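Trainee: I should like to learn how to read a model of this kind. May we go through it together?

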Amino acid sequence: MAETMTAPAGTGHHAEHDDHAHVTNTGISNEKLGMWLFLGSECLLFGGLISTFLLYKKKLNTFPGFENTTVNKLGANLFDIPFTSVSSFVLLMSSLTMVLSVSALQRDDLRRTRLWLLATALLGSTFLAGQVYEFTAFVKEGLGFTTNIFSSAFFTLTGFHGAHVLIGIIILMTMYALSMRGRLSSRNAEALEIAGLYWHFVDVVWVVIFVVVYLIK
Amino acid sequence: MRTMSSVRTTTRRGRLARLGLLTLGALALTGCGSDGHPLTTLDPRGDASQAIHALVQPVFIVAGIVLVLVNAGVLVTALKFRRKPGEEDAFPEQVHGNTKLELGWTIVPALIMAGIAVGTVATLVTLANAPDDMREDFDIRVVGHQWWWSFEYDLGRDGTIDFETANEMVIPAGQAVDLKITSRDVIHSFWIPALNGKKDAAPGREHALWMKADDPGRFLGQCTEFCGLSHGYMRMLVEAKQPADFETWVQEQLQPAAIPEDGTAARRGLDTFVGQCATCHMIEGVNSPECTPIEAETEYAVEDNTCWVGAAPFIGAAQVSGGAPNLTHLMSRYLFVGGLYELRDAEGNLNRNNLEGWIRNPQDYKPMAPDPSRGNIYGRGMPKLPLTEDQIDDLVAYLETLGTQPTA
Amino acid sequence: MALVEREPLALPAGTGAGTAIEPLGVLARPATKTGWRSWVTTVDHKKIGIMYGVTAFFFFLVGGFEALLIRLQLAQPNGSILSADVYNQIYTMHGVTMVFLVIMPMAAAFANYLLPLQIGARDVAFPRLNALSFWVFLAGGLFLNSSWFIGGGGPDCGWFCYAPNSGVTFSPTHGVDFYSVGLQIAGAASLIGSVNLIITVLNMRAPGMSLFRMPVFTWMQLVVQFLLAFSLPVITVALFLLTFDRSFGANFFNVAQGADPLLWQHLFWIFGHPEVYILILPSFGIVSEIIPVMCRKPIYGYPFMVFSGIAIGFMGFGVWAHHMFASGLGPISVAAFSLSTMFIAVPTGVKILNWMATMWGGKILFNTPMLFSAGLVAMFTIGGLSGVTHAIAPADTQQTDTYYIVAHFHYVLFGGALLGLFAGMYFWWPKAFGHMLSDRLGKWHFWITLVGFNLTFGPMHILGLQGMSRRIVTYQPEDGFTLWNRVATLGVFIIAIGVLLFIYNMFHSYRTWKAAGRPNPGPDPWDARSLEWSIPSPTPEHNFDVIPEIHAQDDFWHRKYGEDERGRAVRVAATENVVQKGDAKGVHLPSPSYFPLVMAAGLPFIGYGVIFNRLIAIPGVLLFLVGIFGWAFEPATEPDDHHGDAHGSDGHGGDDHDGAAKATPATEEAPVG
């Protein structure tokens, strides 16, 4: 993602403009529009993964010969719903801190920007740590990546989401580093806003995954 | 592949007649018969294929007319409005469009499509419902393997397989038969063009299809979903017999194989079969558990206590073609090697060379992958077995005793 | 491959992060304009477009060679040119190559070169991302083809690569691994490119260039890029699942574990059907540009042309299961997809009739581009009509996976897409290279291709209806397929002659124009209508001296012509008075960069790592990271180099790290020279 955000503005702008605000036909900057498009595309990616998971979650339960095997029981009964609810809440809270960080930057309040950035990254990391813990617990119970169709689909879906969170944290830390070097200000608050778009998207996707994977029986 | 003789006798059309077809183009297609084209879709011989043909034939004609109109239109426009000498600086009227015209040529094709749609849905309903003359007393499970087909007959539709054939399916003429199509390994597609459209055979799924031949006859088929190495060589045959002949055939198929006399070549061949072939091939009365009169190693016997077990179930089983064609009534068939080679020559004598050659070195007859490989401990297809020439002769002598030769 | 892999290692010292790249500039340094380094570091959409075109043409020759082998094998029953194993690999790679490495990138070549010009922009929205798309595509294409040498053979599963036949059990060589990873890489390239081009079109149009004044080509490309952006992620998922199955032991397509073999088919065709329109719509756009120019009439029914393209795009997402009528879907789904497929024929028909209406009443100049365009209209119609017969689901169960389908999609992809792309090459060749292709040779090329094409693929309709299955390595003498297969093989060699003639034409035309010193054909050799013809040929580095102000659809035409009282065009201004000179100085352009190439070069190593040994991935990951890192800390535009002649140093070169946080706004806009 970093490359999209830091990609150069085109030089083809025709209209007069100052150094800061790009005048585009849509009024939305190239970078932001790019992020929206990318996220639209990502919806289809997660759509495909979620469909796969739903198909195999359903199929495992009806698969002849597998109704009462440990392999089957492993899938549904391993979930620790309270634990995952807490970590989901943590991730959702990080969206709030992200908003606070962007708004602080728009007010040129760099101290708070950094604070909330750090908080967002920390909350994201907490979520990731929870996921790592959950994965290890499952593997210990005998539900590995290759165990059955359910486990392959589960680890792939949540793993892809985890990778997105990880990339998000890297982006946040890059932003933090930039602010420490004095290159983040209200003038380019949009960069942080775009990073925020990505972060919110990852959170929203998690809500869907949480419902589909953990809550729906 | 060498020396394959035809499944149907070929009447060669004149070369000139074929060239005539070229010039007539697509419209002429509807006139092609099955003469010399055993797989043609244009000569339907059963209710299902005839319904499809009746649906698509008018569409071919309409499409042909549209094709001629558009191409003639392009040609006429090109000739009429080409820039002629002296018009280098001429400019036509600058027409930008005409909404009424546009709506017209949006709506008219849509209406034509709607007409086709009605016929399509009606035919889909016809094909989805069982016809009145459906045989309710049995159905056939059609199983695709790399690279051959097995047909498992369930008399009484009670879920147990009563007997099994390979590469050739026999049905009663004039009666519809229910097929349950599946696969033991990859996706294949079961297609007898003269009788019905194709239906994929997918592992883990059972797809229904019914088939009916109006008259007795033999109808060739070809696997039409790419299924790996020997996809191009995966053929099958459906024979429609008079209903009375069909019942006789069923009674024959239900008989186990006889055990040859001691000391004969055939008996030695049976011993070789048990030692070398029985791991994959099944002969009823030889290596199915409750009927077997001789000592057979149990590892290739199947847990099921019926004599006819069919192909090993695909679910949970190794995902390979470990099973091979059931040979109990081999001599009652026309074809072998995945429906590719004729078992007998025109005079009705056994094609001994081919049968021996196939046993001697199967790879000469059909490309296969019998050796274990990454992800596959069994291999796929018939391996080259360590057999002496004497053993091969004995085996063929034994195979000759299996089943009754069909009456021409 | 060697170039891509080695070049970054030979980075000159001092090109690391944060250091200004030594000026390899393409604008202010005419001396380096033709050097190979100016190509590998370019971010200029025109150079990238040309590189796309050259690469696609190279792969076209590869895929064409594979086609010749296929036809030789099928020329007679029991053919023995190729073994079944090799045949399966060849036909798979023929399909994969032609779809992913020829038609898609060739269309991308036109999109890259022309979209900014047609909307009046200086470049695409993200020039470096544009370079990245190209290099990633090249990496993917070379990676895919490297399977011949190090994968134990090419993929042998067909371009559709249905599970479970694509699993390790049934395809134990590494061919399918190369398929899954290679297409993943090539897909990433298309995805990046699509986002870039969509933003370019939405955001960077010249003043007055409203969406409904854009040329039809731009519109069709916009629809294509949206299709790419929203269909590629689905194949991405499918390819990931396949890779996980094959390389990491997952169970997505393991039927023994209860996996559904139809999952792959759905995922593949949800991508695969929009893909069909991704392949054909660019050519529709090209033809919609050429026909009005050669007829001296505006495109007939512009809004209907645009909306039918959009309709095709939308409906293209709702018809995928018509590829699966025989795969065991329920009758309700079959009926629904059958109907949706029929009605997608309507907007396609609208296009054909509009082209004919444009020609009707025109003063048609039948030069090579126009011949190819008219050829598309006629030949695509055949493919469209046979498409209608597949939409009838019951009939499709007789036709699918036979040569009737092969005939159909070759009439669409060769008779449609490829003829259109050839038309575009003849049409825009002077714009890109400053000289014309020989029209005489071009006409020969067209007629030979047309005859060869119809001889090759026409008989396949008959073969299919006679029951010849697709993807079979051979057939039997008794099948009655021999005659038409011979004709088809004869036809493909006639096509090959046409291709050779085209290659000869490229060299011949270069010799007789450029080398012989013939005068430049000028900005507007065809008396054309869209903006790219208002600037010199070849296009100057900075595209436009002045970004034009747009007042109408076909604005450039209306600068040249008015209409008399009978609606006929009347010249109001000489062409040389309305075109730009291309001599503006000091236009600030984005600077070249090594990093797109560096990043892309890492991907094949990561791919080999996934397939063979994780250790191989390490240099790949390192290259990739170096690429990202260098990219992020390199400003898009070197603030003060490259145009010193106009501005001299203005002393803010120290702040070149700004690009890391936020794109450095480009210093705009050139004074007219």
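Trainee: How many of the residues of chain C count as buried?

Mentor: A residue is buried if 20 or more other C-beta atoms lie within 10 Å of its own, with C-beta atoms placed from the backbone. In chain C, 68% of the 673 residues count as buried. For chain B, which has 408 residues, buried residues make up 43%.

Trainee: On what basis should these values be read?

Mentor: This is a predicted model, in which local features need pLDDT of at least 70, side-chain atom pairs count only at pLDDT 80 or more, and totals for chains, interfaces and linings use all residues. Residues are numbered from 1 along each chain as its sequence is written, and chains are lettered from A and ligands numbered from 1 in the order in which they are written. The model scores ipTM 0.88 and pTM 0.89.

Trainee: What is the mean pLDDT of chain C?

Mentor: pLDDT is the predictor's confidence in each residue, from 0 to 100. Its mean over chain C is 88, and 89% of the residues reach 70 or more. Residues 1–31 of chain C, however, have pLDDT below 50; the model gives this stretch 61 contacts beyond near neighbours in sequence. A contact requires that two C-beta atoms, placed from the backbone, lie within 7 Å. Residues 641–673 of chain C also stay under 50, with 82 contacts beyond four places in sequence. Where pLDDT is low, predicted coordinates should not be read in detail.

Trainee: How many helices and strands does chain C have?

Mentor: Helices (H or I, at least four residues) and strands (E, at least two) are DSSP runs, numbered from the N terminus. Chain C has 21 helices and two strands, while chain B has eight helices and 12 strands.

Technical notes. A residue is buried if 20 or more other C-beta atoms lie within 10 Å of its own, exposed if 12 or fewer, and partly exposed in between; C-beta atoms are placed from the backbone.
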